[in-house]
Amino acid sequence: MSSQAVQLYIEKNHVVMDNGILKVYFSNPGGFVTRIQYNGIDNLLEELNDANNRGYWDVVWSEAGTTGTLGTFERVVGTNYNVIMETDEQVEISFSRIWDPSLKGKQSPLNIDKRYVMLRNSSGFYSYAIFEHLKEWPAFNIPQIRIVYKLRKDKFHYMAVGDDRQRLMPLPDDRLPGRGEELVPPEAVLLVNPVEPEFKGEVDDKYQYSSENIDLKVHGWISSKAETNQAIGFWVIIPSNEFRSGGLVKQNLTSHVGPISLAMFLSAHYAGEGIVLKLQPNEPWKKVFGPTFVYLNTFLDHHKDSLELWEDAKYQMNKEVQSWPYDFPSSIDFQKSSERGAVNGTLLVRDRFVSDKDIIAQGAYIGLAPPGDVGSWQRECKGYQFWCRANEDGYFSIKNIRSGNYNLYAWVPGFIGEYWNKIIIKITPDCKINFGDIIYEPPRNGPTLWEIGIPDRSATEFYIPDPNPKFINKLFIGHPDKFRQYGLWERYAELYPNEDLIYTVGVSNYRKDWFYAQVTRKKNDGSYQGTTWQIKFNLDDVEVNGIYKLRLALASANVSELQVRVNNVKQDPPIFTTGMIGKDYAIGRHGIHGLYWLFNIDVPSLLLSKGDNTIFLTQTMAFGPLARFQGIMYDYIRLEGPNSGS
């Protein structure tokens with residue numbers, strides 16, 4: 001630590017923040033991070049890159065009416081520089097830009113104010129930004145907002161995104177033609193002639209290192225002692241989820257080959273078109289993203305293990321989380337603790353076919369999100385969300401909620417569907433709302449006749465095959481996240497070369513006999529076709545004129561149509577079809593879930609037989625160059641008998 005006051009140096013083309021521990025250089029007025037000096041290293045960022053391609057904010061945008069997940073990539077370039085605060089304890093600077101209507105179609109119609117903060121005795125710096133769209137400005141779409149840091153490839157070789165996801169990484173050069181072979185999707189590259197032979201035969205893909213928001217609080221890189229004489233850690237710390245979209249289990253990118261570290265705020269990954277921020281005509285919008293913290297660490301003791309830097313980074317992350325909301329941001333748009341409120345309560349589940357007593361909703365996900373409908377928080381991206389998990393008694397407490405209007409949402413692992421309280425909850429400064437006991441009654445018509453899987457919004461429990469030995473990432477051999485291996489979708493046709501999956505209730509085991517994704521089948525000519533899975537089951541009796549209920553919970557869907565037939569594979573029309581759903585692309589991006597879907601299907605007793613029955617599940621869609629990624633992942637399937645007491 002240094003006792004030096006924070007100092008600010010302003011030159012013609014750059015600005016420097018210096019607290020004696022590190023110096024951070026910014027282009028002026030663009031606001032790009034061009035140099036980070038620390039521990040005797042002149043620059044931790046990649047100097048082989050242009051100055052505007054080292055540390056920057058970017059936004060992807062498109063005009064209204066276009067496909068939301070695609071768009072124009074734009075690095076946010078400031079046009080005005082201002083000193084917001086300058087004291088011995090803190091410096092905050094601003095690089096802003098005001099949208100110019102003459103640039104319509106060439107620049108995203110946003111006012112953007114990028115802020116950087118350095119504190120005394122702090123081994124790092126903070127960044128946040130205020131994005132604003134005025135009512136009279138054009139409607140448009142935003143699929144992505146993030147911060148990018150590109151580090152020196154000659155120094156940073158070890159990456160850590162979790163306790164069990166860290167490793168030495170290939171070089172970016174290894175992904176270039178001649179050293180790497182591009183796969184499908186193109187983000188995946190087979191390393192055929194890497195600089196370091198130990199990586200030969202591995203697949204590198206940035207999506208293999210994605211994390212759910214609930215776990216995505218710190219990630220980064222450790223330099224080699226041989227290159228820097230002393231190991232240095234570069235960490236991106238994201239202390240809050242309030243400014244990220246999609247709830248706690250939304251997945252985002254972290255760090256990947258480059259070496260690159262990201263702070264993702266808005267992304268269509270693992271969600272698709274539904275989570276793209278679409279500003280409508282005459283719609284004003286403003287949101288604060290961040291602050292996030294870039295933390296640098298090293299040890300004076302040369303004998304310490306470099307991996308202790310990861311442990312220290314986690315310790316620092318916890319300090320940042322406990323300090324949220326920060327009291328130092330100067331923008332009035334960032335609400336301080338005194339401007340926020342809190343809620344608490346206890347969530348119970350009432351399912352009389354499971355228990356005569358209310359069930360404690362242990363581990364439930366409970367959150368406040370902008371008013372909407374059941375599940376709307378999955379796709380909500382314009383406002384703020386505040387989530388927690390209930391404890392072993394079903395008790396939840398959410399503090400430091402920004403003032404505003406919300407609905408209360410919840411979902412409980414082990415139960416389908418979700419709780420939604422449509423009453424508007426108004427959070428005011430310093431309010432404390434106690435909901436008392438909240439009862440969630442999950443969808444239920446009758447007793448469970450059979451079930452497949454675990455209702456937890458993930459396909460993790462199903463059969464995940466070993467990867468093709470030609471396409472492996474060594475990190476995930478024997479790893480609980482086996483699903484992150486490349487090309488697992490291709491194993492389906494190898495396991496079922498002649499006929500599709502058949503599951504027999506009471507005989508089959510979903511952990512071994514239910515493939516993790518109902519994907520398309522690759523044919524000998526290289527094209528793909530839809531697949532039909534069968535669930536065979538026996539009924540001792542069928543209630544005359546009864547209505548049975550089939551619950552289909554999906555953990556993911558990508559450009560798919562799921563049709564359901566009962567005891568007649570040629571039934572036309574099917575008793576149910578989803579129509580085309582989903583663009584979450586979780587299969588191709590090594591995710592075990594995307595967005596959650598729940599379908600409740602009436603099955604009249606006249607379609608069922610005493611004795612043997614078969615339900616046919618057909619995923620019909622298979623077209624275009626990405627047909628191999630069309631498909632669904634099941635979360636849970638249940639057949640309920642009629643409610644004889646009704």
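## A first look inside this model

The largest cavity is lined by 14 residues, and those lying nearest its centre are Val 249, Gln 378, His 593, Gly 594 and Leu 595. Please keep in mind that this is a predicted model. From that cavity, the tour below moves on to the nonpolar cores and then to the strands.

**Cavities**

- About 130 Å³ of space lies in the largest cavity.
- Sorted by class, the lining of the largest cavity comprises 7 nonpolar, 5 polar and 2 charged residues.
- Counting cavities of 30 Å³ or more gives 5.

**Nonpolar cores**

- The largest nonpolar core brings together 179 residues, and Trp 514 and Tyr 634 have the most contacts inside it.
- Strand β24 (residues 285–298) supplies the largest share of this core, with 7 residues.
- Another core, of 8 residues, lies apart from the largest one, and its members include Ala 369, Trp 377, Tyr 409 and Trp 411.

**Strand β30 and its partners**

- Strand β30 (residues 404–411) is largely enclosed by the rest of the structure, because 6 of its 8 residues are buried.
- Strand β27 (residues 365–369) runs antiparallel to β30, and 5 bridges join them.
- β30 also pairs with strand β31 (residues 419–427), again in the antiparallel sense, over 6 bridges.
- Tyr 409 of β30 is a handy landmark: Tyr 409 is the bridge partner of Gly 367, and Tyr 409 also stands opposite Trp 420 in β31.
- Tyr 409 also belongs to the 8-residue core described above.

**A sheet of five strands**

- Strands of a sheet pair through backbone hydrogen bonds, in either a parallel or an antiparallel way.
- An open sheet here has 5 strands in the order β34-β38-β44-β40-β41, and its pairing is mixed.
- At the edges sit β34 (502–504) and β41 (576–577), each of which pairs on one side only.
- Within this sheet, strand β40 (residues 562–566) and strand β44 (residues 611–619) pair in the antiparallel sense, over 5 bridges.
- To find this pairing in the structure, look for Gln 563, whose bridge partner in β44 is Thr 618.

How values were computed:
Residues are numbered from 1 along each chain as its sequence is written. This is a predicted model: local features need pLDDT of at least 70, side-chain atom pairs count only at pLDDT 80 or more; totals for chains, interfaces and linings use all residues. Side-chain values use heavy atoms; hydrogens and water are left out. Two strands pair if DSSP finds at least two bridges between them. Helices (H or I, at least four residues) and strands (E, at least two) are DSSP runs, numbered from the N terminus. Buried means under 20% relative accessible area, exposed over 50%, partly exposed in between (1.4 Å probe, protein chains only). A nonpolar core is a set of buried Ala, Val, Leu, Ile, Met, Phe, Trp, Tyr and Cys residues joined through side-chain atoms within 4.5 Å. On a 1 Å grid over the protein atoms alone, a cavity is a set of points where a 1.4 Å probe fits but cannot get out, and a pocket is an open set with protein on both sides within 12 Å along at least five of seven lines; lining residues have an atom within 4 Å of a point. Grid points are joined across faces, edges and corners, and a volume is the space filled by probe spheres set on the points. Ala, Val, Leu, Ile, Met, Phe, Trp, Tyr, Cys and Pro count as nonpolar, Asp, Glu, Lys and Arg as charged, and the others, Gly among them, as polar.
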